Structure formats: C-alpha cells, structure tokens
Amino acid sequence: MTKRDLIDLIQERLASGDVPNDIMGRYKYQTVSALIAIVYQEAATADNSVLGTMVLPYDLTVTCENGKYFSMLTAAPAYGPMSVKYATDSCGNTYYSRQSDDQNLFLSRIKNMSKPEFYVRGKKLIWTCNPEFDTTTVYMIPNFLDMDDNEEAVMPSSISAILNRVVELVRATDTRPQEVVNNTSQDNTPKQTNYAQ
C-alpha cells in the first residue's frame, strides 16, 4: 500500500469511521504521518529480523565533484547510516556501507580496498573512491516523512499493531478529539476512502 493509502486508513480508523468533520479533522495528515514515522523508526531499530523486509531500492546517479564521488539520496535513511544496507551496480556487483564515523575513519587508515565502499552523511552517499559506474541501486530503509505519497510503504508487522502504536502515541499527547456540540458550523460528511467500513 502507498504511503498516502496507509495514512488515510489510519486516519479513518483513529476517527472510528463515520464521524463529524470536527473529530476527523483532529487527525491531520501531517500528524498521522509524523506518528507513523516514529513507529517506522522504532520498528527499524528494535528488531534486526524485520530489517530485510523494510528495505526499499532507490536508483541513484553517481556524481563527481572536486574529485569526490557521491550520490544524493531522495529520502533520508530512517535511522542514519545503519539504515543503508548495500548498493549494487548494473552488473550485479554489491558494495557495502561503512556503518559509523569510527568505522569509516579506521577502515580508511587500515584497508586499501579493491572495491569502493561508501558512507552516508545526511542525504548524501559518499563513495570512498571512483566506483567507475554512473548509476547505482541503493537498498535502504527510508525515513517515512521523506517518502513520496505514492511510494510503497513497507511495514514490518500487521496494520493492527501499527494502529495500536499510533493510538498509544496519540493518547500520550492527550489530544483525544471531542465533537463540538451546538456550534454554528454544520457538520459535513467525512471524506470517503477505499477503506470505509
């Protein structure tokens, strides 16, 4: 399911279906998206066994500037360099990420690798030497907030587990919605989605 579909589904579930707009409107797209991003990051860091299922491929161009080779990521990794698993070239060769600043420093001093490696700084993937190819496919877990609305969102567990955690986070902020009764504005029918029950 796409990022947009997932957010719509959780908005509707949070608001309990057919409710007035003053309740539905309390679960704004940006709020639900931010809460799902927290759940996404928690899942990516809590259990190594789910990481393989959350990884998405991104096709990137390798650019050279001032003698340094790099690729710009379209989304930030969910929890930094640890979210970037590996990269491949068009021939199917695999290249690995240096996972921390310390590892990058030590490996740069003690290893003279025949194959290039890379490390990540923010949204920039920096190659340790000339990779000698123009495009690469990077496999990583993206930050949910940076994903496009139409991009497929891969979640590590069932929708009910995700919904329960989002509800916990909503309640933790004590923003439970209440219907405004006897106000001057008329309630409208909430927007229908494909997941209406």
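I began with the surface and looked up Glu132, which is exposed, its relative accessible area being 68%. The model is predicted, and I read each entry below with that in mind.

**Entry on Glu132.** I located Glu132 in the loop between strand E8 (124-127) and strand E9 (135-140). I then checked its backbone: Glu132 is not a glycine, yet its phi is positive, at about 60°.

**Entry on Asn66.** Which residue lies in the loop between strand E2 (63-65) and strand E3 (68-72)? I found Asn66 there. Asn66 also has a positive phi, of about 55°, without being a glycine. Is Asn66 buried or exposed? I recorded a relative accessibility of 79% for Asn66, and because the cut-off for exposed is over 50%, Asn66 counts as exposed.

**Entry on the whole chain.** I next turned to the protein chain and its secondary structure, for which I listed six helices and nine strands. The protein chain has 197 residues, and I noted that 42% of them count as buried.

For the contacts, I considered pairs of residues at least 6 apart in the sequence of the protein chain; 71% of these contacts join residues at least 24 apart.

Last, I looked up the surface of the protein chain.

Technical notes
Residues numbered from 1 in each chain as written. Predicted model: local features only at pLDDT ≥ 70, side-chain atom pairs only at ≥ 80, totals over all residues. Heavy atoms only, no water. Helix = DSSP H or I, 4+ residues; strand = E, 2+ residues; numbered from the N terminus. Buried < 20%, exposed > 50% of the residue type's maximum accessible area, 1.4 Å probe, protein only. Contact = heavy atoms within 4.5 Å.
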